Structures are given as structure tokens and as C-alpha cells.
Amino acid sequence: MSPKADVYDAEPIPEAARAEIEVLLANGDLFRYRAAAGSPVAKLEDAFAAFMGVPFALAVNSCSSALFLSLKALGLEPGDRVLIPAFTFSAVPSSIVHAGCQPVLVDVGANYRIDMRDFEAKLEEDIKAVVISHMRGHTSDMDAIMALCGARGIPVIEDAAHSLGTLWSGRRIGTIGRIGCFSFQSFKMMNGGEGGMLITEDPDIIARAVIMSGAYEHNWKQHPIAHDRCRFWQNKLPLYNMRMNNLSAAVVRPQIEEVPRRVRDGRANHDHVAALLNASPWLEVPAPLEQELRAPDSIQFNLRGFDSDDEVKAFQRRANEKGVPVQVFGLSEDNARAFWNWQFIGPQKNLEQTRAMLMRACDVRLPARLGRADLDFIAGALLEAAAAVKKANRTAGDPLRALA
Ligand SMILES: Cc1ncc(COP(=O)(O)O)c(C=O)c1O
């Protein structure tokens, strides 16, 4: 693959999608409620629910929509406070603002997981719901989270956008909280260009979400689930029209059977690169929690002993020159994963731990399709870049300029 890592290239869409897409192109039936039953979107919902082992799934046009509908389906009121980790993508606080609620940020540690002390303290601040964003597929302590929230009757929504295939004590991430939300945006485990899924075991939540997603009139009858609850909610809820279209569903559904292979290869790739990086005194890949079996398609690591931002930027520049694009969450201007850029939620305080992590945490995509030579190339470039910056820093008078 060298000299440049093609970490943004997608896998081809499985051949099996072609026949269904051809039918859609021929008959133009792209709207999910056009057919009386068994549309490609309905088939995707059915297959995804079976894969996750849950009774109910609703396909929508993005994970952001799934998160928004989750909050609405839980019946949250305008101004309600919703706890989220301070390390996530701006889509998460955005969906909360969109639902008229107020995001409250909880600190995240150097291992990218929620700081449970801060979580417990902030739960006392009149929190009405919690969204656990398993950011970059790093699972926070779900046992502790569920116990703390259960004791207070606070519902948990799992943002599993990056966690399709991750297991927590053998349970699928996304099935532990009251609602699980997934993304099929192109850089995720299943690629629909755009798309999302909401799963739950609660018939009222699915009925409310189905209607609000845009099942106007009696279109809910095309969902073979929770009909008594849908009938009850008929005409009582606003419609937000966040439906998935048939073409996206046709593209996504055949990828479900690819997930186990992608998860297995993604984890092996990640662990191979992690072992190489952890051999360096300058790089550290935090270990997973004991209960966690991860499904990574990217790798995150912390720079150790990099005292100045300039050093970090020099590392980033060097890796980039060697063909490996590295994102340092806190250092790129207007980064959507740096909480201080979410100006739309107002100022946030006391998140120094998360801020410190974001200033040294690096992010490299590591899609499952990469082979051993690609992985070694990526790890080699990162190791060399770190060593070069630190060596230059030790020897030269103005080392960073020398590397610039
Ligand atoms: C952690 C996280 N949650 C939610 C989302 C929203 O996903 P979507 O783009 O499908 O709305 C993203 C998007 O990348 C994300 O990174």
C-alpha cells in the first residue's frame, strides 16, 4: 500500500445488494411505505433486530435522527438535562439541543472512557436521561452506569455509532441501555452513505419512534411490531420525517453478514498495531476494560512525554509526510470532537481531564480491509515520527524548526 495509507477508502458494497438495487431502479419504489409490506427498509429492520437479538428496530436516515427520536420517544420535555460524555462527536450534543434539551458534559479519562466519579456526581444534577456515547468504540463501565442510573430511574440511551459488534460481558453494545442507536454513515462498520437504526425492547418507545420518524396515517401497519401501541399513539405525536429510503436499506442489509468478519479483522488489525505502538516509550494505546471485546475500525493512542503542543504538531506533520494522516482531537482548528467547539451548548466548566486527554490523543483510521503490510507501514510511520520528534527535541537547539 505504501507510500500513503488509504485509510479512508471504503470496502466495496457486497454483490448481493445489486439485485435488489436493480429492482428499485426499475420500479422506482424508493419510498419505504410505497409497497404494502416487505420493503427493503422493513427487511433491513427485521434482519438488524435479529442480528442484535432484540424485538424492535427502526431504520432512519442517520444516527443523529435515532438519538433525537430516542429523546422524544422517552418523553423528555424542553429544558430537560441530558448527561453525555465530554468526548464525543458534535452530532450528540446537537441531537439533544434539537430535542429542546440541555446537554450536561461529564469528564472522560485518559483511557477515553467516562470518569465514573464525575458521572456519579453529575447524575445528581437533575439529570433526566443519559446518552452513553461509546466514542471510537471505547466502552465505558456499563455495569456501573446501569446500576447508578437504574437506582435513580434515569433512562440510558447508548450511542453505539462506533460500536456495532462490540461485546460487553458477552452482551451486544446497544442492547444494554433502554435504547441503542447506530450509524451507517460511510466511515462506520456498515456503510450506507448515510443511515441509522434505533433498537429497543420497549413497545411504547418503538411505537412512538416509528410514528415520529414519519409513519403518517396508518403507515405504522407496515411495521410488523407493537401495533396496539402504535394505534394508541396515532395522531398524538408530531412527525419529524427521518425515514430511511429503500436504496440505502438495499445497500446496508447484505453487509450485516459481513459484520462478524469485519469485527474479527478490525480487532486483529487494531491489536497488531497497538502492540507495535505500545513498544514505544512515546506512544500508549489504553487497554480495553476487562468486560469489553472491542470492534475497532480505528486506533487511538496518547502521546507520552510530549510537553508542548508544538511537539505534538511536529509529530502530526511528520506522520502525515510519511503518508499516515493523524488527527489530534484537541489541536485541529474547529474539530467537531473537541467540546470547546460546541459553542451552541454554552460554556462548560471543570472538564480539564477531558481537555488534557484531547490535547494528546491521536486518532488514525484502521479499516478492517487493511492487510499486514499496510498495518506495519502505518505503525512504522507513527513510531518513526514520534522517535524523530523526541530525538530532535533532545539534541538540537531549535529542534521543532528542524523538523518543520
Ligand atoms: C459518536 C458518534 N455518535 C453519533 C454520530 C452521528 O452519526 P450520523 O452521522 O449517522 O448522524 C456520529 C457521527 O459520526 C458519531 O461519531
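The legends below describe views of a predicted model of one protein chain.

**Figure 1. Overview of the protein chain.** The predicted chain contains 14 helices and 14 strands. Along the principal axes, its C-alpha atoms fill a box of roughly 75 × 50 × 35 Å. The radius of gyration is 22 Å, which agrees with the value near 22 Å for a compact globule of 404 residues. Of the 404 residues, 48% are buried. Among contacts with a separation of 6 or more, 71% are made by residues 24 or more positions apart.

Figure 2. The chain is divided into domain 1, residues 17-257, and domain 2, residues 259-403. Their C-alpha centres lie 29 Å apart. Domain 1 gives 32 residues to the contact, and domain 2 gives 27 residues. On the side of domain 1 that touches domain 2, the elements giving two or more residues are α4 (91-98), β3 (102-106) and β6 (167-168). The residues on this side of domain 1 comprise 16 nonpolar, 11 polar and 5 charged.

Figure 3. Helix α3 spans residues 63-73 and is mostly covered, with 11 of its 11 residues buried. The buried residues of α3 include C63, F68, K72 and A73. Others in the buried set are S64, S65 and S70, along with A66, L67, L69 and L71. Just after α3, G75 has a positive phi of about 80°.

**Figure 4. The loop around I225.** I225 sits in the loop between α7 (203-212) and α8 (227-233). I225 counts as partly exposed because it has 18 C-beta neighbours inside 10 Å, a count between the 12 or fewer of an exposed residue and the 20 or more of a buried one. When neighbours within four places in sequence are left aside, I225 is in contact with P55, F56 and I206. I345 lies 120 residues from I225 along the chain, and the C-alpha atoms of these residues are separated by 36 Å.

**Figure 5. Two loop residues with positive phi.** Y112 is not a glycine, yet has a positive phi of about 75°. This residue is found in the loop between β3 and α5 (116-123). The loop holding D334 runs between β13 (327-328) and α12 (352-360). With 7 other C-beta atoms within 10 Å, D334 is exposed.

**Figure 6. An open sheet of 4 strands.** The strands follow the order β10-β12-β14-β13, and their pairing is antiparallel. Strands β10 (283-284) and β13 are the edge strands, each pairing on one side only. Strand β12 covers residues 298-303 and strand β14 covers residues 361-365; 5 bridges join these antiparallel strands. In β14, D363 stands opposite Q300. Strands of a sheet pair through backbone hydrogen bonds, in either a parallel or an antiparallel way.

Notes: Residues are numbered from 1 along each chain as its sequence is written. This is a predicted model: local features need pLDDT of at least 70, side-chain atom pairs count only at pLDDT 80 or more; totals for chains, interfaces and linings use all residues. Two residues are in contact if their C-beta atoms, placed from the backbone, lie within 7 Å. Domain bounds come from an automatic or database domain assignment. Ala, Val, Leu, Ile, Met, Phe, Trp, Tyr, Cys and Pro count as nonpolar, Asp, Glu, Lys and Arg as charged, and the others, Gly among them, as polar. The radius of gyration is taken over C-alpha atoms; the globule rule is 2.2 Å times the number of residues to the power 0.38. Two strands pair if DSSP finds at least two bridges between them.
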